[in-house]
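Please keep the sequence and the 3D view at hand while reading.

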Amino acid sequence: MRALQASTSYSAGFGISAAAPPPRPSRHRHVILAQVEPSEKSVEIMRKFSEQYARRSATYFCVDKGVTSVVIKGLAEHKDTLGAPLCPCRHYDDKVAEAQQGFWNCPCVPMRERKECHCMLFLTPDNDFAGQEQAITLEEIKETTANM
């Protein structure tokens, strides 16, 4: 594999790169977040929230509890790092801005308005992946995510 090298020519004392345009100044603050395990407290908060919301919305957890566990841990991690349970199943250019905006904070707008959960955390009974349960224990979350 060949590496790209930027060629630089000088005109009136300024370097001009043929490989990429100069970086534009960002109006957003850049925050670097390390991938860390969420606190047990946040996992428990998100677990209880998920159970309560499933009951209230008449939805069910995925038949594969591993899916439920990973999503709950992702919500807990975002709660710890961003201060809000931002949907962990989407890509964001700026997580901080998205969390502040609130559209994708769980339960997200599509879930509240149309019962559409991109993460498969809250599934309607007619969904092929819906299980029969609206509860999950902290131990189940730990067990199903232990090797991740």
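Read from the N terminus, the elements of the chain follow the order β-β-α-α-α-α-α. That gives two strands and five helices in the secondary structure. The model is a predicted one.

The chain has 148 residues, and 36% of them are buried. Its accessible surface is about 10,200 Å², with 53% of that belonging to carbon and sulfur atoms. Among the contacts with a separation of 6 or more, 65% are between residues 24 or more positions apart.

**The nonpolar core**

The largest nonpolar core consists of 27 residues. Inside this core, Ile72, Leu121 and Phe122 have the most contacts. Two or more core residues come from each of helix 1 (40–57), helix 2 (65–82) and helix 5 (138–144). Leaving aside residues up to four places away in sequence, Ile72 touches Val43, Met46, Arg47, Ser50, Leu121, Ile136 and Ile141.

**The cavity**

How many cavities of 30 Å³ or more does the structure hold? There is one. The largest cavity has a volume of about 100 Å³. Its lining is made up of 14 residues, and those closest to the cavity centre are Cys87, Cys106, Cys108, Cys117 and Cys119. By residue type, the lining of the largest cavity has 13 nonpolar residues, one polar residue and no charged residues.

One of these cysteines also takes part in a cis peptide bond: Cys106 is joined to Pro107 in this way, with omega at about -5 degrees. Pro107 is located in the loop between helix 3 (95–101) and helix 4.

**Loop residues with positive phi**

Ala58 belongs to the loop between helix 1 and helix 2. Its phi is near 55 degrees, a positive value in a residue other than glycine. Lys115, in the loop between helix 4 and helix 5, is not a glycine either, and its phi is positive at about 55 degrees.

Thr124 is connected with both of these residues. Thr124 is found in the loop between helix 4 (109–114) and helix 5. Among the residues that Thr124 touches, not counting those up to four places away in sequence, is Lys115; the others are Thr59 and Ala130. The C-alpha atoms of Thr124 and Ala58 are 7.2 Å apart, although 66 residues separate the two along the chain.

Thr81 is in helix 2. Its C-alpha atom is 9.2 Å from that of Val96, a residue 15 positions away along the chain.

Notes
Residues numbered from 1 in each chain as written. Predicted model: local features only at pLDDT ≥ 70, side-chain atom pairs only at ≥ 80, totals over all residues. Heavy atoms only, no water. Helix = DSSP H or I, 4+ residues; strand = E, 2+ residues; numbered from the N terminus. Buried < 20%, exposed > 50% of the residue type's maximum accessible area, 1.4 Å probe, protein only. Contact = heavy atoms within 4.5 Å. Areas by Shrake-Rupley, 256 points an atom, 1.4 Å probe, with all protein chains shown as cover. Core = buried A, V, L, I, M, F, W, Y, C linked by side-chain atoms within 4.5 Å. 1 Å grid on protein atoms, 1.4 Å probe; cavity = no way out; pocket = protein on both sides within 12 Å on 5 of 7 lines; lining within 4 Å. Points joined across faces, edges and corners; volume = space filled by probe spheres on them. Nonpolar A, V, L, I, M, F, W, Y, C, P; charged D, E, K, R; others polar.
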